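Welcome! Here is a short tour of a structure, taken topic by topic. Have the picture open as you read.

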Amino acid sequence: MNKTSMKQTAAAFVVGLIFAIGLGVSGMTQPQKVIGFLQLGEGWDPSLMFVMIGAIPVHMLSYRWMKGHRTPLLDTQWHVPVSKEVTRPLVVGSALFGLGWGLGGFCPGPALTSAGAGQEMAIYFVIAMLAGMGLYRLYARFTVKG
Amino acid sequence: MMNSILMALTGGALIGLAASLMLILNGRVTGISGIVNGFIGDVRKDLWRGAFILGLLIGGLALGALQPDMFVNTSGRSVGVVLIAGLIVGFGTVMGSGCTSGHGVCGIARFSVRSLVATATFMVIGMLTATLFNALVGG
């Protein structure tokens, strides 16, 4: 492994650590809180809306930084998605994700963090999520190329 | 309530900071479903993906040791429901090119129309699902 990719790997590890702490502090690792936020009606808990309200403005600053720089600090090019097209798979896939999120109360990041903490349901969820990702690969192979 | 709003804001700011470091240092979007899917696609090619996932897991392990309350699960969802949920989330996030982190945080922060549409879709469907599940099965 060359020096640059070693630094990138170390950076990604630190980012993962901070991200996990952010998820734990915010309450996203408690499925009942997530469900309480998604479940409208009596006893609705809006607090998790503030996770995005906290995250997005902070992250906007780094996109501003990006506009003034030709490359990131540890790589020779940007890898940010440029696609603008709203496609059917985007909407159908997002709807499916919403269905699973509302059913289980886990999304991928909090599930991995909670699995790391040894939370049993999160471990089941992560195993099923990996299977679902594999299943999509099979599905894509038969529908896109077939 | 006030306390959980402050915690959500603080945690959110940390998530925004983590995603900022990933962007400024590595030039990448911190989309967790995409990173996991890319990692299982080719484990050897991009070690940074594995390192990020390891960071999430070890972060969880450390946090669980210090603050076990953060990982208490009283949702009442059965193992069967959780397994089905995981399967659908895995399938849907790859099909829809992202989840709460990639579309909801990174995408919206750069005003991506695709991410705005994706986020609105999974929020609305997530809310409908949780609300209906509660009405039909009980929370």
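This is a predicted model: local features need pLDDT of at least 70, side-chain atom pairs count only at pLDDT 80 or more; totals for chains, interfaces and linings use all residues.

**Chain B at a glance**
- Chain B contains 6 helices and 0 strands.
- Following the sequence, you will read the pattern α-α-α-α-α-α in chain B.
- The C-alpha trace of chain B spans about 45 × 35 × 30 Å along its principal axes.

**Two helices packing inside chain B**
- Helix α2 (residues 32-41) of chain B and helix α3 (residues 47-66) of chain B have axes that come within 9 Å and cross at roughly 125°.
- Because of that angle, α2(B) is oblique to α3(B).
- The crossing of α2(B) past α3(B) is left-handed.
- On the α2(B) side, the contact is made by Ile32(B), Gly34(B), Ile35(B), Val36(B), Gly38(B) and Phe39(B).
- On the α3(B) side, Trp48(B), Arg49(B), Gly50(B), Phe52(B), Ile53(B) and Leu56(B) take part.
- By type, the residues of this contact between α2(B) and α3(B) are 8 nonpolar, 3 polar and 1 charged.

- The size of an interface is often given as the accessible area lost when the parts come together.
- Between them, chain B and chain A bury about 9,200 Å², with 78% of it on carbon and sulfur atoms.
- In chain B, the residues that lose the most area to chain A are Phe91(B), Met95(B) and Arg114(B), together 8% of what that side buries.
- In residue counts, 102 residues of chain B are in contact with 97 residues of chain A.

**A helix pair across the two chains**
- Helix α5 (residues 108-116) of chain A and α2(B) have axes that come within 8 Å and cross at roughly 65°.
- The two helices, α5(A) and α2(B), are therefore roughly perpendicular to each other.
- Pro108(A), Gly109(A) and Leu112(A) of α5(A) make this contact with Ile32(B), Ser33(B) and Val36(B) of α2(B).
- The contact of α5(A) with α2(B) has 4 nonpolar residues, 2 polar and no charged.

**Charged pairs**
- How many salt bridges are there between chain B and chain A? The count is 0.
- Over all chains, the count comes to 1 salt bridge.
- Lys33(A) forms a salt bridge with Asp45(A), and their closest N and O atoms are 3.9 Å apart.
- This pair links distant parts of the chain, 12 residues apart: Lys33(A) is in helix α2 (residues 31-38) of chain A, and Asp45(A) is in the loop between α2 and α3 (49-67) of chain A.

Technical notes. Residues are numbered from 1 along each chain as its sequence is written. Chains are lettered from A and ligands numbered from 1 in the order in which they are written. Side-chain values use heavy atoms; hydrogens and water are left out. Axes are lines fitted to C-alpha atoms, for helices over the stretch in contact, and angles run from 0 to 180 degrees between N-to-C directions. Helices (H or I, at least four residues) and strands (E, at least two) are DSSP runs, numbered from the N terminus. Angles under 35 degrees count as roughly parallel, over 145 as roughly antiparallel, 65 to 115 as roughly perpendicular and the rest as oblique. A crossing is left-handed if the near helix is turned anticlockwise from the far one by less than a right angle, and right-handed if clockwise. Contact means heavy atoms within 4.5 Å. Ala, Val, Leu, Ile, Met, Phe, Trp, Tyr, Cys and Pro count as nonpolar, Asp, Glu, Lys and Arg as charged, and the others, Gly among them, as polar. Buried area is the accessible area (1.4 Å probe) that two parts lose on being put together, summed over both. A salt bridge is a side-chain nitrogen of Lys or Arg within 4 Å of a carboxyl oxygen of Asp or Glu.
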